[in-house]
Each structure stands twice: as C-alpha cells, then as structure tokens.
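This report is for a reader who is new to the model shown below.

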Amino acid sequence: NSGDDTDAQTDAEGDTTEDTSSEEGTETEEESDTGEPKQGGTLTYAIDAEPEGILNVHYYGTATDFEILQFMVDPLFTYDENLAPEPHLADWETEDNKTYTFKFEEGVKWHNGDELTVNDWVFALETLADPDYEGPRYSNVQTIEGAEAYNKGEADSISGIEVINDYEVKVTFDKARVNNLINVWSYPMNENRWKDVPVSEMLGHEFTRTTPIGTGPFKMGKVVPGETYEFIANEDYFKGAPNLDKIIVKVIDNKAVSGALQNGEVDMVPVHPTLGEEVEKMEDVELVTYPGLSYYYVGFKLGVFDNEKKEIVEEKEKYQDKTLRKAMYHAINRQEWIDAFFSGYGSPVDAPVPSNHWIAADDSDLQQYEYDPEKAKSLLDEAGYKDTNGDGFREDPNGDEFVVNFSHYASTNPTFEARAKALTQYWNDIGLQTTLEMIEGSLYYDKIEKDSDDIEVFYGGWSTGTDPDPTALWSSDALWNYTRWNNEKSDELLEKALDVEVVGTDKEKRQEIYTEWQQLANEELPMLYIAELQELQGINKRVGGVEYDVSGSNLPNEWYIKE
Amino acid sequence: MSHFQQSQGKAPLLEVKNLETAFGIDGKDYNAVDQVTFHVEPGKVIGVVGESGCGKSVMSLSIMGLLPKGIGKVNAGEIKFNGRNLENLNDNEMNKIRGKDIAMIFQEPMTSLNPVFTIGYQLEEVLHNHFKISKKEARQKVVQLLTAVGISRPEKIVHEYPHQLSGGMRQRVMIAMAIACQPQLLIADEPTTALDVTVQAQILELLKDIQRKNDMSIILITHDLGVVSESCDEVIVMYAGRIVEKTDVRRLFQEPKHPYTELLMGSIPRMDVDTDQLATIDGMVPSLKNMPQVGCRFANRCPKAMQECTEVTPQLKENEYGHEVACLLYESSRPAREVSQ
Amino acid sequence: MSITQMKDFQTHNLLEVENLQMHFPVKGGFFRRTIGAVKAVDGVSFTIRKGETLGLVGESGCGKSTTGRSILRLLTPTGGKVIFENEDITNVNGKRLRDIRQDIQMVFQDPYASLNPMQMVGDIVSEPIHNYYKNKNKEELKTEVMDLLTRVGLPEEAYYKYAHEFSGGQRQRIGIARALALKPKLIIADEPVSALDVSVQSQVLNLLNELQDEFDLTYLFIAHDLSVVKHMSDRIGVMYLGNIVEVADKHSIYDNPMHPYTQALISAVPDASKMGEKRERIVLQGDVPSPENPPSGCPFHTRCPKALDRCSSIKPTLKEVKPGQHVACILYD
Amino acid sequence: MEVVHNKNSQTENSTTKPQKSMSPWAMARRKFMKNKLAMISLSYLIVLGILSFLAPYITTADISRVNIGDMSLAPSAEHWFGTDTSGRDVFTRLLYGGRVSLLVGISCTAIILFIGTLIGSVAGYFGGAVDSMLMRFTDFILNFPFLVFVIVLNAILFGIVSGVWVLIVVLSILGWGGVARLVRSKILSEKENEYILASISIGCKPGKIILKHLLPNVLTTVIVQATILFATMIVAESGLSYLGFGVPQEVPSWGNMLAASQQPEVLQNMPWIWVPPALVLILTILSINFIGEGIKEALNPKSYR
Amino acid sequence: MLKYSLRRILGMIPMLFLISVVVFFLALAMPGDSLTGEIDPNNTDPEYIEQMREKLGYNDPIYVQYGRWISNFAQGDFGTSTKYKIPVADLIAQRLPNTLFLGVTSLIITYIFAFVMGMYAGRKPYTKLDNFIGGFNYLMLAIPIYIAGVFAIYFFSFHLGWFPFSGSVDIATNEGTLDWWLSRIYHVILPALVLGAMGTAAYTQFLRNDIIDNSQKDYVRTARAKGTPESRIYNHHILRNSVIPLITFLGFDIVTLVNGALITETIFTYPGLGQLFLSSMTTNDYPTLMTLALMFSFLVLIGNLIADLLYGVVDPRIRLD
Ligand SMILES: Nc1ncnc2c1ncn2[C@@H]1O[C@H](COP(=O)(O)OP(=O)(O)OP(=O)(O)O)[C@@H](O)[C@H]1O
Ligand SMILES: Nc1ncnc2c1ncn2[C@@H]1O[C@H](COP(=O)(O)OP(=O)(O)OP(=O)(O)O)[C@@H](O)[C@H]1O
Ligand SMILES: [Mg+2]
Ligand SMILES: [Mg+2]
C-alpha cells in the first residue's frame, strides 16, 4: 500500500518494517496437514507496494525490496520464534561478547556456481565500511574494530577481521556489547563476482538491478522492473531443493489485493487490516495472522533537541503535567478505536515494546490505562484543568484557554484523517478542546524531528527490530527520541541493559532491566501507547507448507502447491 | 414578330416551366422562386437581374439540382434540358450532367475553390468525373484550358493553391473548370461582382469569347444592368421570386415597362448623364416569410401602384414585340377576368 | 448641389494632402526584422476645397482607404503632410488630435461591422457628442440625437433599438448620423454604398447629397465604382497602386481622360447607355501588382497599353496638363 | 424629400420589426430560456448551489465528526446515501462537498477571467511591444504542464495559504494563460471591425474603447469560456483531491469523497460512498457543459449581425 | 519551413532556461528534501542521513546547486534518483516506453473512433445515430478521467474480468515475442481507452461540426457543380479540410496526454512517467521530480511546435518561413 503511509519507515502498518534483519527461522513446526509436500508448480506472490528495485541486500532501502530479496538471499543466522539468533549459513562462538569466531557451512553454492566462503562475507563487511559505500548499512559494521579507520581511508583492511581459513573467520568488535552479534551485518556478497566492480558503482550495477544472485532457495529469473520478478527453484539449495518450480513476485496496487486474491490471480499477499474481514470470508483463501513488531503511539513534545550538541536543551511546558497526559490516556477507548480502524487486527499496548517481543514486560507489571472518561475528567479537575468560562471546554490551571493541537500525517488514505479525528473526539469529549492538523506525509517526521513549533501532540509509529535495544529511540541524546523525554533513570536503565558487565549473556537479567524500564515509561507516559498490530497474510488454500511467526515466514523452499 | 417567336423554330436547350422552389422555415414552406417560366436557346446569353434576395441564385441552383438538401426543394414545375426532364433524375444521373452539359460558376471566386487542393488537381477532377482519361492527358488538357482562359504560365499555376492567386485569376480558373467539358449551358451567378472593374471587363470579354467559340448558352445572373446591357441577348428581370419582365436587351433598355425595371434603371448613376437626384425604390425586397401571396409583390413599393395591385396577381403577358411584362398597367384585358380564372 | 454654389468656395482649401506616404512594415526573415514595406500609399497629393466633393476611385487595394484613414489620423503616415484648415495635422497627438477629429468624420464601408452590435442606436449616435461635451444635459442630448435620426430618415423609435434590427441601408444612415453628430467640416466617406443594393445605394447617395447642402459639408468620397463617384463628386482623383495618377473635375475625367489608366478604367465600366454600340474597350492585361513589391518607375507601366521604355525607370509626377487637370504620365511631359 | 424619407422608414420598419426592440443580451437571454436542456441544467445547478450553500442550515450535525458506531452503513431512511468509512453521513458531506467544489470552481473562474481578460485585452488592444511582452509571459505560463505544476505549487503553498484557498490560488496562477490568449485573439479580430475605427474617430479614449466597445463584444466568447473553465476547474479540484494533492483531506469535497474509492473494499462493496459524489460531479459537469452550449448558441453572432 | 522550425527551436531555448529556473526554485521551495523522513531505526541512523545531505550538496549555496544541476542536465546527466538510487535517465528510460505506448495507443484509439464516429455524424447530422453519438460524447466529456478510470476498473476488471487493472505486461511472456506484444496491448487497452475517452468525444464532436460547417462551404457547391459524386465530396473534399485542425491537435494532445498520464497511470498502476512523477512527489525524490517537470515542459513546448509545424504542412494556406 504505497499510498498508505508515506513515511514508510516508521509506520508499522505499511509495507515497511517487518524487521529486515530477521529472517525466518530454520526451525519449523512441522506442517500439520498433509504428509508429503507436492513437487512443482508456480506460486504467485504479490506485494502491494512499489519496490525501488534495489535487489541487493547490501543496498536496499525499503522492506518491499526485501520482500523480493528474501527468496534468494541467506543470512549467516536467522531468528527463532523468540527472536533468538540461530545458525544458518554459519555458526558462531564467543567468550566475551567482543570477539566472535564464525564457522561457515561448507558446500554452500552461490547461484552462479561459486562456493560460499568466509571471504564473501568479509568482502561484504569491507564494502559496507568502504568510504565510497552509498548504502545505509555502515552502522552494521561500524562496531567492528578498525572499521572506522577503514571507512576514513586510513587502513587497507579492517583490523578486527581475521580470516582463519575458507570456512572460519574471527571478528573482533570495538567493545563488548550484548548485541554485537545481532547488530553485525550478516549477509555475504559474492567476492568473485563483485571484486572488479568499484564500490561507487555497485548501487547502479546490473548485478544489483537485474541480475542479482544469492545463495537462497530461489534464483532470480526474469525481471520487469517495478512490476514482476520471477524466481526459479535453486535445486542445489543447501537446505534442500524447493518444492516449487517457480515463484512469481508481482507488484499490485493495494486496491487490487482482494480482487486478485479472490480470483486466484495471486496466491500470497500481505493484507491490510481493513481488508482482513473480507479476505477471511473468501472460500479459497486463508487469512494467516502473526504478531508484528510495531506499535502506534501519541507523543507529546516535552522539549527541544539540539542536534549539534546531541542533547535536549529546553523543556516545553505545555504537556509537562503527567496527570494531564494520564487523563488523555484514559479518555481513549483503544479497543474500540482498533476495532474501528484496524478491523480488530491489533490490540492495545501499555508500553513501547510489542507484547510478542521477548523483552516485553508482563501485563501484570504494567498499569492498564483502561477507557474511563470519568476518571479522565476527575484527573483533569484534579490537575486544575477546569472549564472556568463556561464555553464547554476546559481552561488550563491559570484559567487561560487550553487547546490541544494534535498532528497526524496525511496521505490519500482517508482513514488516516478519520482515525486521527476519532482521537481528537475522545479528548474533546472530556472537555479538552482539540484541533487536528493533517500534515503532508513526507514532511511529517521532518517537522517532528526538528521540533517544529506546530508539533505538540503527535501520532506516530515505531517498529522494533529483532534487537530489543530501544536506545536509538529513547535515550535523551537520541535524535529520534521524538518526545524529548529527558529522564535520567531511563537513560541509566537503557545503558545498563546493554552492559556486558551487568547482564553478561544472561537473557533473564536483560529482560528484568527492560521490564523496569517499561514500567518507568508506562508510569511517566512521555507518549500514550496505543496499539500493536497483527501482520496479515492472505494465502490461497492451494498453497501448503507456509508458516508464520513473529520472525516472519519459514523458508520458501518448504512451500508447495497442493494439487 | 418578336425576337422570341422568331427563334421558336430551334428547340430550346433549357426549358423552365412554372418553377416553384421553396424553403422550409420553421416547418413551413415558403416559395423563394415562384412560377418562373422561361427558356434558353442554344448560343444565347440570357441575363437575369434583380435586387438581392430576388431568387436569382435559388433559381439557378434549382436548375443545377444543388439546392441545400433538406432545406430547399422544387415544389412544382418542370425543368427540361435538351428535352429531358431534370426533375426526375437521381443524384447519379444528375452528376453526369453537372459539369459536363451544364456548368456553373459562382460569385465568390475566393471561396469557391477548395483551399487545400492545387488548381491543377481541382481542374483535373472535373475531367476525371466525366471522361476516362489518364492523369497525363488530364494534365495536358488542364494546361490547355488555363491557356484558353488567358492565364500565362499555366504549367506553374497548376501546382499552386487557390490562395496564391488573385481574384481575377481564380475566376478564370473557375471558368476553365466550367468549360472543361464544353458544356452546352453555363450558368454564371454574378461572376464579376467581387471583382474590380478592369478585371470584370477582362472576365466579361473572356466569357463572350468562349461563348462564341463553343457556341454555348449562358445564363448570366447579375445585379449590374450595365453588364447586362453589354453582354446579353435577352433579359429576365426578377422581383421577389417572380419574373416581372422579360424581353430582348435592346428593348428593355429603350423601353422598360415594369415600374420596377424603370426604377432600377433610374437608381443607378450613369456616366453619361448628370443627375442631381437618383430614383429610389423605397423599402426593400420582402423576406420570404413576409411575401404577399396575392397581388403584385412589388405593389407596396411601387409609386404607380393602384388599388387592384394588391388584389390581383399580375401574370406575365407578352405584347406584340415579344416583350413580356407582369404588371396590371399593361394588361389590356380586365383584371376582373383574371380573378375569375 | 449646384455648380454655381460651389464656386463661391473655390479659393478656400479645407484640406491639403502633400506627398502622403503610408508604408506598412513587413516582418520576416530569421529574426523577424522589418524586411520590406507594403507601400499602401506612396506619395499622394491633392487638395479639397471647402464645400466640394473630391471623389477617389481606384481598384481594390490601391490605397484609397489608407489615404482616408491617414487623413483622419487613424493611421500615422510615414511621410508627407496632411494640412487641415492650414494646420499641419500630420503629427499632432493627444488632445489636439481629438479636437481635430471633431471636424473630420468618417462614414464606413461595412454597415454591419461599423456599428457596435452591443450599443443602442441612440448611444451610438450620441456617443461622439458625449465624448466631447461631457456635461451636456441628458434631455437636450436626446432631442438632438432624435433630430439627427429623423434627419437621416430614421424614425425616432430607432433611438432605443439595436443595429441588428435594421437593414443595411438603414444602418448606413445610422453611421451617417453618427458622423454628423459633431457637426464636422469634412466627411470622409469610405465606400459608403459599395455594400448596398442598387436601390438602397441610390437612397444613401441622395441623402449624402442633401446633407451636404444642409450642413455645408465637404466630402472626400471614396469608391471603386466610377459612375457612383462621378455622380457624387465635383472633382475626381484616380488612384493606382498607392499613387494618384490623375486628378481633374469630373467632366474632364469622363470626357477626356488623359492617363492611360483612367482611359482604361472608364472604358471598362459597363454602361447601359452604350448598349449595342460596338465600342472599343481597352481591356487591361494582368492584375494589379502587389504594393509590397511595386514596379519601378511608373507603377502602371506593367499593364499600360501605351507604355514606353522610359516608363519603367522614371516615376512620373502629377503635373497640371490642362487647367484643373493633373496627370502623372510621361506621355504628357 | 422629407416625405419620402418618412415613408421610407415606415415601410422598412414594417418589414423588420414586428416585436419590441431588444438588446443582443436580451435576445440571447430569450433564446437561452427556450433551450430546454440548458434550462434544466441551470435549474439543477441552482438547486445544487442553494442546497450546498444552505448545507450548514439544513443539517446541524457536525459533519467532520467520526462516528465509530455508524461506520460504512448502507443507505437507509436515516442516512439517505449511507455513511462512509468514518461513519459520516454521505448525503450531508455531498452538500458540503458541493460548497467546496463550487467555491473552487467559481473563484478560480472569476480570478482567471479577470487576469486573463485584463492581460489579453491590454495586449490585444495596444499591440506592439506591450503585446509581445505580455504574450511571451503568457506563453511562458502556458508552457508549464498544468497538472504537474499545480501539484508542485500546491505542495509549496500548502500551509502558507489556508485551506481551500491554496488550490484556488494555484489553479488561478497557472490557469489564466488560455483565457489571455483567447481574449487577445478575439480583441485582435474584433479590433479590425470598423466600429472600432469609428469609435476612435469620434474621440473615444483607449480605456473607453476597450471597456465599452471591445469587451462587450468579446464578452460572448469570455462567457462561453467561463463555463468551460468552471467545469475544468471543478474537475481539476476533484481530480487533484482524488490524487491527494488537492484541498486538505479534512475538508469535505467531492474529490476527497471520491478518494475513498481508492480503498478496494469501498470500491467494490460500498458503492454508496463513492457513486453519489461521482454522479453529482458528472451531472454538474454535464449541466455546465449544456449551459455553455446553450449560451454559445444564444450568443451566436449570426442571430444579431 | 526549415527556417521557421529553426527559429522556433532556437526560441525554445530561453523558454526552457526560464522554465528550468522556475523548476529549480520550485523544487527548492518545496518543503523538505529527499532525505526528509528517511527514518528507519533498523536500517539507518541520523549520521548517515546528515552525511548524505552533505554528499548530495544540499548544503551548498543555491546558485552553485543550480549551476551544477543545469550544467549536468545539459550534458544529459539528470542526477540520481534519491528513491530508486539509479540515474534518473535510466529510470526514465525504463518508464518512458510504457508512457509512450500508452500515449500512442490512446491517440490511435482516439483518432480511429473520432474519425469513424465524426465522419458518420457529420455526414448524416440530426439522424438517430448522430444524436446517440452526440449524447454519448456529451457524457464522455462530462466524466472526469479519474472517475472514468474508477468506473472502468470497477466494471470491466472487477465485474466482467475482461481487462487487467494494473501493470503493463504479463511476466510469463518473453520480451519481443508476439505474445509479449499482445500482452502489452491487452494491458494498455483499458487505461488507453480511459485516457482517450475525453479526446475521442471532443474530436468526434469537433469533426462532426466541422464537416457540417464545411459541407455548406462554397467549394462544396463547386464540387457538386462539377458532377463530383457525393461520397467523394465527403470523403475527399470535406474531409481533407476538416482533418487540418484535427491533425494540428496532435501537437496539443501531447499536453493533454501529460496531464492525463498522471492520473491514468496512477489509477491503473501502470508504470509510466506520470506515476513516477506522483511517486517522486510523495517521496521528495527531487532529481526525478525536477527532471520530469522539465521534461514535461519540454514536451509541451515540442507539442506546440509540432502543432505549428503540422499546420504549415497540412494547410497550404499557412506558409511558414
Ligand atoms: N438556404 C436558404 N434557406 C432559407 N432561405 C434561403 C436560403 N437561400 C436563399 N434563401 C432565400 O431565398 C430568397 C432568394 O435568395 P437568392 O439567394 O436566390 O437571392 P439572389 O437574388 O441570388 O440575391 P443576391 O443578389 O444577394 O445573390 C431570399 O429571400 C433568401 O432569403
Ligand atoms: N494595417 C495594414 N498593414 C499592412 N498592410 C496594409 C494595412 N492596411 C492596408 N494594407 C495594405 O495596403 C494596401 C492598400 O489598402 P487599402 O485598404 O487602403 O486599399 P483600398 O484601396 O481601400 O482597397 P479596397 O477597395 O479593397 O478597400 C493593400 O494592399 C492592403 O493590403
Ligand atoms: Mg445570389
Ligand atoms: Mg478600402
């Protein structure tokens, strides 16, 4: 749904951020139904947003492109249903979370016949760290020792990488972190094929655009850019030859989704929640839902950030009163709202971590801000927001007019306006006069990021990756801490959760700290956590062998067409 | 004996009898040409004069079968050409006559040629319409024709477009087109009105010349009495769709009978006489819808009008000199008898 | 009007035109620069005495209208002089020009295009007065206009009607009334009857003649119909390709034309009176050359039956060959 | 002589004028009134205009309110045209949408006609350097692909000018070229008429000539053009809104209402949400076109010249 | 003619220059830049974005930016799409054939229909069929293109299933084969019909009225007086005249197509330049946006030029020198 959220990157309902670094897991719950999967057949897989066509895992920018790529690339490791990494192309070992030894699977073949070696991965890491590299992934190698020097051109190689043999490599990071592994770049790049292409030309190269290769279960066939991509079974796939002969990935407009599913033109397609009910009714189609990793929120601008100094330099007064924020939270009927605008394919969240994430705090540890307008009103009364002049709306404690200015991003999708409007109505109903401004999508986050004055209370969404660390979005020195929530305790907790000294390799410990942090966020409410959504996939019943969990689908080589 | 009776021996080329041509306006038919009877003999030039709106053009279009489809139609009368009734011919048969036996040229040489075809092409077309000849022959013939109408450099002109020619040249081209198949009858509807005097003189000379050479008949429609006097053998004066006077040209000018003719002549300044005051005809030709149905149509403008004039419709009567006039002043027989008929 | 009357004014020139030139630029070439000129009027001289009518004849495109318009300064001549009542008005502008226009008025050729279809006849006729006498009493103005309308032979009700409700002849009367409204001294009548039917034409001609007597008017009467011009004028100027080739009183022109072009022109006029006589008609060859590219020397030499070799190089000037008869032809040098 | 003249006029009159004298405008109006199709269209537009104008008085409901309980209801007695996906009454929104669409149409047409006529008539009347300068500028404006630049400008002015007026300003800025050209060419040809020479020779000043003589005669063309513009602008507004580049989403306009059809489930299963605005829009354009044709016919110069 | 064309083409240069300035400043005035909103905590970080801004020269003085842009542009380097990360030229090369195909098909459809219907209606005006055609055309003229598109998809694709509702070609076909071409045609027909509908209606009515007008011209009377058969009069004499304005419309059609493509391509998800423009608009892909805006303006200029030149070619009365 390209027209859906223009700011794709942050809005979880879009095509965007099924976490990109997490691929399906090798573990599979065995197919419950038929015994033997059938061989052969062509599956049509649709994506409902236009891809950019960067078919190179090292360069791509949108999740849509990755949806295409997923059929032909393999990472070193994948994630299980608990989002814990597990070996795929390689296994690893570490003592101290600083130095890792990777051991590659032997006999894995690239689609062009070359054999996969550690050099291919090293080549990828060096490409990402290259000064000429134009993609967005430098941060995935930055933490390797010596990467920065290499990036500045001060070194010929990355000092932290030490190739032991064709199948073994040792990587040293600049310091011990709990998340060094999941943060590091995990895709190889065929050195043999790419070595003569200067890094600056890689992005525009035909290997990126039309003839990409990987080690994955399918090979790229014909490409009609922006429209259709053909994948052919890789019979030599190291996890076993695929059942299907072909997968056709077709780009369709989101308005065509249900029609195409209905008449069997496509076999698999991601479905927008609003379409869920309709798809559910279709006879030949199964609607598969699985938990997503994103959440929506209503943020309050609490301060102003200085990007040079990397700190919050000023406090904004208007919404500092926590009681006010709590009252606004209680005013929202989240369940009703989710039912109305997402056809119920979602549920309220109480903290900024999707409930399926392993670090998510238990419901019992968090306050539930259930819909209670009376309570909201009394909270407001208590905080001094009373209607003193009898106009039906509350004034602020000083008796001055108080208007909540709420912003939401605009696109052609009319439900955006409606759902935003619905939120303002909740607040109006408890006597808080609220205005709504729909801001053009491409500007929206820019304004928020720059702490523009016309942004006060804003709607937004974040999607979290497999890495549970919320630092980039929550620490007080982070640009993307949009609320400018400046809380020492929070910063401290976030830091602690990453500290190897504190948590070591202990998942429990980490989760404990994160729970504490979530409790803090749940109490302080720099933002009102609204909802997490389910991911929906419409699958024709003739397709078998497809499994989804929070980490995504199983490997497509296991998919098949029933007769 | 009158001029007309003298020539009675020869079979007339064209005979028009009681022609009535009507236009439908708001669903009703109005006669633009009413009871027109005349004939044209081979080799003669007949002039038709009258004010604008008298039905001169409508009459000629009726003969050609070129009345605007669906609006105008011949309601009564006959048109016989070489003894053949043109009325009953279908489009196809009429097309065989048009351009070949009867040709016509029009007033506006500016707009009468198709602006997007070359002169040569348009001239050749008329030849191809009527003869089976090759392109080359046609081209040769066209060049001859153009030379015949006095166009120098015809080889060049054939490649030119109408807008590149002057008015006089265009009218020559129109004439060339009209005479291409050596028609027996040429209808020229005000062929010189749009032209300057010196050019008009050229064209009239040319027409006379060709008429003599090809021995064709011409119906020359004009409102210029001077042109008539110089070019025609016989004259028909029309008023409001009817013929009011018909005689040979000399007699008409010497002895105009109908008050309309008289006034018409008096209203034109003459080079040879100085007059302080020109004759005028008050009012104007009634429009089709307001045409008086009984009585003389000129009565309300006629200085000599009598009481009966609005009650009795004068018929065209011939006197002993073959001078025909439709006016009660000249009716020897009592009008009362006319009515009873 | 009678000839005796006219003589009283003979000495007084109302208008003098000296060597008038009107060249319209022709743009062309790669940079759309002026690459030539249409020499619509190329050195025309004549005078009009108070109270007389000067006729101007010539074929279409020879520059008659341009001459007329230059005199009224609707165009600014590119050369020569226009002197009106001893004042050089060739280059006057602004208010003075407007004032002069009170004295010179024009009657136009096309009775359809020369009246604004959106105006009532009353407004059309009163507009000139309104333009010059802003404060005129409304009622007075109206009576004045009504009088004018009656004078030109229109009913008073015409005041409230629109031009489309009138026939061509009547419209021409409206145009004449408009021209008279300011009581001008000179009226330029640019082919006022050429769009009219013969019977109507005579009405308008008669009207013009009557008005001349009544209002002491001087006419520059432009037409291409020689017999009409002769009927209307005291003297006649014959134009050819932007030049006057002969000026003389109308009898001399008719009885004794001197310029070969005048001769041809007169012989070309079909004349009912000459019917039957085998007369020697001079038929000119070819067409009038384009004023954009006029022949050298005498403009008429390309068609002149009497042309000499010299004619192509020497441009003859207008000379008084006989008393009152000016001819531009080297045959009379 | 006098006598003759009087007689003249009487006879001539008796033939030309049986009915009362009428200005060309009055004649055109009469002719127009006889045109059934145009009159029906006009009535439709007037009714629509009145309803839209009175919309706030007809319904007191807050049309922007989202009614979560009433979402996507099919037409019923309570909601004649049903409700949209936000639970808003489609009929009411249709009326409010009419306000916006008609406002945009009328304002743009007025502004465009004003600018276009001004520039066109000045250029046409004065000619020369003034003309070529103004026409270069007009060409310049005309050489922008309309929609493309409307979208771009709209994005820029968004937020600078408020609400619907952004679009009105943008459409007007980019839309006047055609009118200017048309008016200029009409003025040029109208200028050739002798009555303009006549008005100069009777001492009219340029301003008066343009205003009193030229413009009324050019007006016929301008009026016909106005109807075309009116339709074009309404279509442009709705089209842009449909694409998401028009009036702000929270403003109900036909285009914004139609944008709902981009949601597949609305397009397929809830025609009551998008068919009414589509039909009303089509009918409106149709009516405007018929009125335009009617005016054109009524003003046909053949009828009075 | 040659001189005229040359002069016109030279005259286009300053116009293009001015337009380029306008385009540039408009793009500059547009809120945000192409990196606005590139936020994805999983894939990018703020430093990367700032780095890219610097690298793309967004922090240089304006005139430097303009100079760089226009001189590159003049050399055929339109910059790199910030969204697709490939040279804009390549991007356009990918999409242009689709738009051209759509445009040309729509033109062909327009002209064929307009000719058939217009000629019939013009020759037999006020008959039943003429009235029907007229009524149909009025309706077509009143249906905005996007509504026509929505209806077409709703009806022909969803309900009847006759035509596809998106895409330009079926992947299963091999480029260049007959099947491939058929598939392209199959995909383009519906959008082309929608794109051409209004033009068809307008041209049909125009042709009809022009034929009626022309059939009353004097030269038609002349042709009849020559004995030319009626069918030849209509198919040759009149048509030749009526076609002149119609052919010159061809130039202006380009303008209409640019506007129309924007909408049609978006509705039908047909990957052409119009769709590209709108998506570059929403994603602030300025290099693409500017190139397309300039290109469209250029097309308009060319269209006007073609219209003028065609006029000179088809109408002997117009001489261009
Ligand atoms: N197509 C037409 N429809 C209706 N009436 C017509 C049509 N053509 C001619 N008439 C009417 O027929 C009458 C005769 O017209 P016609 O053209 O024959 O006159 P005319 O004598 O040729 O005049 P002119 O000297 O102006 O050519 C006029 O009253 C005219 O109005
Ligand atoms: N504004 C103008 N620009 C260029 N050429 C012009 C202009 N006005 C007149 N001419 C040309 O000047 C020449 C003389 O024109 P003018 O109208 O004076 O002739 P005329 O004798 O009045 O002809 P007619 O009898 O046709 O009215 C013509 O060739 C005409 O084309
Ligand atoms: Mg006639
Ligand atoms: Mg003239």
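## Ligand 2

An oxygen atom of ligand 2 lies 2.5 Å from an N or O atom in the side chain of Ser65(C). The side chain of Thr66(C) has an N or O atom 2.3 Å from an oxygen atom of ligand 2, and for the side chain of Glu191(C) the corresponding distance is 2.9 Å. A polar contact here is a pair of N or O atoms within 3.5 Å; within protein, one must be able to donate a hydrogen and the other to accept it, and residues adjacent in sequence count only if both atoms are side-chain atoms. On its own, ligand 2 has 630 Å² of accessible area, and the protein covers 62% of it. Such areas come from the Shrake-Rupley method with a 1.4 Å probe; for residues, only the protein chains shown count as cover.

Strand S2 (33-49) and helix H2 (64-71) of chain C are the elements that give two or more residues to the shell around ligand 2. H2(C) gives the most, with three residues. Helices (H or I, at least four residues) and strands (E, at least two) are DSSP runs, numbered from the N terminus. The shell holds 13 residues, and Gly61(C), Lys64(C), Ser65(C), Thr66(C) and Glu191(C) come nearest; a residue is near a molecule or strand if one of its heavy atoms lies within 4 Å of it.

## Basis of the model

This is a predicted model, in which local features need pLDDT of at least 70 and side-chain atom pairs count only at pLDDT 80 or more, while totals for chains, interfaces and linings use all residues. Residues are numbered from 1 along each chain as its sequence is written, chains are lettered from A and ligands numbered from 1 in the order in which they are written, and side-chain values use heavy atoms, with hydrogens and water left out.

## Ligand 1

Ligand 1 is surrounded by 14 residues, the closest being Ser52(B), Gly53(B), Ser57(B), Val58(B) and Glu190(B). Helix H2 (residues 56-64) of chain B supplies the largest share of this shell, three residues.

Oxygen atoms of ligand 1 lie 3.1 Å from a backbone N or O atom of Cys54(B), 3.0 Å from a polar side-chain atom of Lys56(B) and 2.8 Å from a polar backbone atom of Val58(B). The protein buries 68% of the 630 Å² that ligand 1 exposes when taken alone.

## Domains and cores

Chain E is divided into domain 1 (2-74) and domain 2 (93-314), with bounds from an automatic or database domain assignment. Their C-alpha centres lie 33 Å apart. In contact (heavy atoms within 4.5 Å) are 20 residues of domain 1 and 18 residues of domain 2 of chain E.

A nonpolar core is a set of buried Ala, Val, Leu, Ile, Met, Phe, Trp, Tyr and Cys residues joined through side-chain atoms within 4.5 Å. The largest one has 180 residues, of which Leu171(D) and Phe277(E) touch the most other members. Helix H10 (residues 206-243) of chain D gives the largest share of this core, 17 residues. Domains 1 and 2 of chain E both give residues to this core, so it lies between them. Apart from it lies another core, of 105 residues, including Phe81(B) and Leu123(B).

## Lys489(A)

Lys489(A) lies in helix H16 (residues 488-498) of chain A. Its relative accessibility is 42%, so Lys489(A) counts as partly exposed; buried means under 20%, exposed over 50%, and partly exposed in between (1.4 Å probe, protein chains only). Leaving aside neighbours within four places in sequence, Lys489(A) is in contact with Glu516(A) and Leu520(A).
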